[in-house]
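Please examine the sequence and the model shown here, and keep both in view while reading. The paragraphs that follow move from aromatic rings to pockets and then to the chain as a whole.

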Amino acid sequence: MYSILFIGKGIITTSLAKSLDNGFWKVYYHRREGENLDAINLSKYDYVVSCLPDAEIATKAWNDILVSALNSKTRGTKFIDISTLTRKTITTINRAFCHEKLTFIEAPFTGSKTGALNGRLVYFASSEMAEPETDLFLQCTSSKIYSFDNVGSPTQFKLFYNLWGLTSLGLLGQMLQILNSIPQTDLVSEILTSNEEFWMSAIAKQKLHQSLSRKYEDVHCKLKYAKKDIKYAIDEFSDCKLDLSRCLQSILEKNWSQEYDDLDFTSMCEFFR
């Protein structure tokens, strides 16, 4: 049996715990408001895995984890961060762990709650001390692991991936105004989602029905995290002309948008009604 300590008890870590509930893993959580991380004996865990809201919180948490690892003379434990952070943050964390000869793996993912529950996340991973594609935890919780040569590259790719997807979702939100004005809305929805030949069908299949039904309480990824990812991505690719994404960012930053922050990120469609 392998023991794993999740840092943070949110949608993704609780979903991963359910997928690992098979007698092969013993799951523990550390709540950020609980015992100080730097006081925990980490040597008794095979894995320490974090999924944290933003770069500032992650930096503090990983600084404390490193102190705890050194105090408890941890050597066999693998440390994995699956958050979407900034490239600077993840490379700084990696550098500190590698300096102490501790195994650290960068592994942001896509797949949200459903992928975590089913053990079918897709990881974008890199490590200087391990081979991500052969890591047991990543294998047990994923359908695919893409390995990058350099630490920081998975995070850079994930920010690009998220920015593209979220900008496309914003466009979907805008187009719903037109869709709802067309007679036989149900037929229009069926056409958009049932034909593989339509290039927009992949987005429509995943998000159209949830957006039309307005069931935003079924949270796969909170809107506030999507807003964070857009900001990080625009900062990462600041040399590029990103007018559409910046326009979406300005819409999502309106004061009244905060009431949607803890709802599913498809709730951004409400901003176009």
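**Aromatic rings**

One aromatic cluster is formed by Tyr-2, Phe-6, Phe-24, Trp-25, Tyr-29, Tyr-47 and Phe-137. The model is predicted, so local features need pLDDT of at least 70 and side-chain atom pairs count only at pLDDT 80 or more, while totals for chains, interfaces and linings use all residues. Residues are numbered from 1 along each chain as its sequence is written, and side-chain values use heavy atoms, with hydrogens and water left out.

The structure holds 23 aromatic pairs. Rings of Phe, Tyr and Trp (for Trp, the six-membered ring) pair if their centres lie within 6.5 Å; planes under 30 degrees apart are stacked, those over 60 are edge-to-face, and the rest are tilted. The rings of Trp-25 and Tyr-47 have centres 5.6 Å apart and planes at 50°, so this pair is tilted. Because Trp-25 belongs to strand E2 (residues 25-30) and Tyr-47 to strand E3 (residues 47-50), the pair ties together parts that are 22 residues apart in sequence. Helices (H or I, at least four residues) and strands (E, at least two) are DSSP runs, numbered from the N terminus. Both Trp-25 and Tyr-47 are buried; buried means under 20% relative accessible area, exposed over 50%, and partly exposed in between, with a 1.4 Å probe and protein chains only.

An edge-to-face pair is formed by Trp-62 and Phe-79, at 6.4 Å centre to centre and 75° between the planes. This pair links distant parts of the chain, with Trp-62 in helix H2 (residues 55-71) and Phe-79 in strand E4 (residues 78-81), 17 residues apart. Trp-62 is buried, with a relative accessible area of 1%, and Phe-79 counts as buried at 0%.

Rings also meet charges. The charged end of Lys-9 sits over the ring of Tyr-29, 4.6 Å from its centre; this requires NZ of Lys or CZ of Arg within 6 Å of the ring centre and within 35 degrees of the ring normal. The charged end of Lys-158 sits over the ring of Phe-109, 5.7 Å from its centre.

**Pockets**

Rolling a probe the size of a water molecule over the atoms shows where empty space is left. On a 1 Å grid over the protein atoms alone, a cavity is a set of points where a 1.4 Å probe fits but cannot get out, whereas a pocket is an open set with protein on both sides within 12 Å along at least five of seven lines; lining residues have an atom within 4 Å of a point. Grid points are joined across faces, edges and corners, and a volume is the space filled by probe spheres set on the points.

The largest pocket has a volume of about 1300 Å³. Of its 40 lining residues, Ser-112, Lys-158, His-220, Cys-221 and Phe-265 are the closest to its centre. Helix H6 gives the most to this lining, with nine residues.

The second largest pocket holds about 410 Å³ of space. Among its 15 lining residues, Leu-171, Leu-172, Met-175, Leu-192 and Met-200 lie nearest its centre. Here too H6 gives the most, with six residues.

**The whole chain**

The protein chain has 10 helices and eight strands. Its C-alpha trace spans about 65 × 45 × 35 Å along the principal axes. Buried residues make up 49% of the 273 residues.
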